[in-house]
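User: I am new to this structure and would like a guided look at it. Could you take me through some of its parts?

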Amino acid sequence: GHVCGAVFIHLMLYYTHVYPYVNDYVWLNLIFAFILLPYWYFLLRSHFQPPGYYQGPIIDRNIISDNIQSTLTVSNFCVTCLHQKPIRSKHCIICNRCCLRFDHHCPWVDNCLGTPANQHGSHYYFVCFLSISNFMHFIMETFMFICVYRLADRPAMYSLYYLFWFLYHNHAFILCLVLYNGLHHFWEFLLLNDQLRCMFKEMTINEWATRKRCKYLTKLPDGDYSSAYDKGFWRNISKFTSGTGSDVNFEIPGAKLNNQT
């Protein structure tokens with residue numbers, strides 16, 4: 001709902017107050033219009049694509065002792081789903097289900113972001129959506145710069161203080177779009193930066209947030225962290241984009257499971 005509302009506000013302000021100043025940039029406007037198609041596609045896929053919900057065999061009081069002797073621990077037993085959580089999964093308190101390769105629950109797309117087995121999950125489409133969205137914000141900022149530059153009787157572009165009050169008194173809706181778009185671009189850029197950083201290291205946002213107690217993350221001498229699932233920069237990107245999905249494992253590569261996030 002928030003994302004759809006934000007897009008509506010952006011487009012309404014753009015076509016009513018900015019477009020008349022930049023309508024001679026035909027090709028740039030066409031590119032902007034065409035990019036709306038993959039933008040909506042990735043947004044909807046982020047919302048509707050299964051994130052990789054997991055339900056394992058129910059562990060009741062009759063068989064819990066057998067499981068404790070194998071790989072079941074306090075930290076990897078889900079007391080809500082009553083099963084052993086696979087490595088890299090987490091129980092989402094909003095969806096009330098365990099999610100494979102859990103990244104986070106995103107309120108903007110109203111879905112858990114994870115990766116199911118053998119297919120792209122909501123997490124993949126969310127990163128694609130963020131990438132497209134950041135590019136669209138950049139195009140919007142280009143249009144707004146041209147628009148402000150062409151305004152009659154404006155102060156110098158480098159006189160930000162006087163330019164701000166000029167827009168406030170004479171072109172309030174353009175100023176609203178400048179501030180609104182800038183705010184959205186700022187936090188989306190930060191979010192995309194975190195997503196790409198984790199993707200390059202074969203981590204998730206959840207794993208990075210719990211890195212100090214995550215047993216398969218190792219702190220490096222420079223203060224950074226390395227994952228036991230890290231296969232190198234290019235192989236990590238290939239795995240994320242190829243759609244091979246998550247593996248349902250209960251042991252850390254090369255070690256027995258002792259703990260879990």
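**A guided look**

Analyst: We may begin with Cys106. Leaving aside neighbours within four places in sequence, Cys106 is in contact with Asn111, Leu113 and Phe126. Please keep in mind that this is a predicted model.

User: Where is the place of Cys106?

Analyst: Cys106 lies in strand S6, which covers residues 104-106.

User: Is Cys106 buried or exposed?

Analyst: Cys106 has a relative accessible area of 1%. Buried means under 20%, so Cys106 is buried.

User: How far apart are Cys106 and Val127 in space?

Analyst: Their C-alpha atoms are 12 Å apart, and the two residues are 21 residues apart in sequence.

User: Let us change topic. Which strands form the open sheet, and in what order?

Analyst: The sheet has three strands in the order S1-S5-S4, with antiparallel pairing. Strand S1 (53-54) and strand S4 (90-92) are the edge strands, as each pairs on one side only.

User: How many bridges join S1 to strand S5?

Analyst: Two bridges join S1 to S5, which comprises residues 97-99, and these two strands run antiparallel.

User: What holds strands of a sheet together in pairs?

Analyst: In general, strands of a sheet pair through backbone hydrogen bonds, either parallel or antiparallel.

User: Now the helices. Which residues of helix H5 are buried?

Analyst: In H5, residues 160-170, the buried residues are Leu163, Phe166 and Leu167. Viewed down the axis of H5, they fall within an arc of 95 degrees, so they line one face of the helix.

User: And what is exposed on the other side of H5?

Analyst: Tyr161, Tyr162 and His169 are exposed there.

User: What covers the buried residues of H5?

Analyst: The cover includes helix H4 (122-150) and helix H6 (172-200).

User: Which residues does the UniProt annotation "transmembrane region" cover?

Analyst: According to the unreviewed UniProt entry, the annotation covers residues 25-44, 124-152 and 158-180. In the model, residues 124-152 are 93% helix and 0% strand, with end C-alpha atoms 45 Å apart. Residues 158-180 are 87% helix and 0% strand, and the end C-alpha atoms of that span lie 20 Å apart.

User: What lies 2.9 Å from a polar atom of the side chain of Thr210?

Analyst: That is the backbone oxygen of Asn206.

Terms used. Residues are numbered from 1 along each chain as its sequence is written. This is a predicted model: local features need pLDDT of at least 70, side-chain atom pairs count only at pLDDT 80 or more; totals for chains, interfaces and linings use all residues. Side-chain values use heavy atoms; hydrogens and water are left out. Buried means under 20% relative accessible area, exposed over 50%, partly exposed in between (1.4 Å probe, protein chains only). Helices (H or I, at least four residues) and strands (E, at least two) are DSSP runs, numbered from the N terminus. The arc is that of the directions from the helix axis to the C-beta atoms. Contact means heavy atoms within 4.5 Å. Two strands pair if DSSP finds at least two bridges between them. UniProt positions are given in the numbering used here, feature names are shortened, and annotations may be inferred rather than shown by experiment. A polar contact is a pair of N or O atoms within 3.5 Å; within protein, one must be able to donate a hydrogen and the other to accept it, and residues adjacent in sequence count only if both atoms are side-chain atoms.
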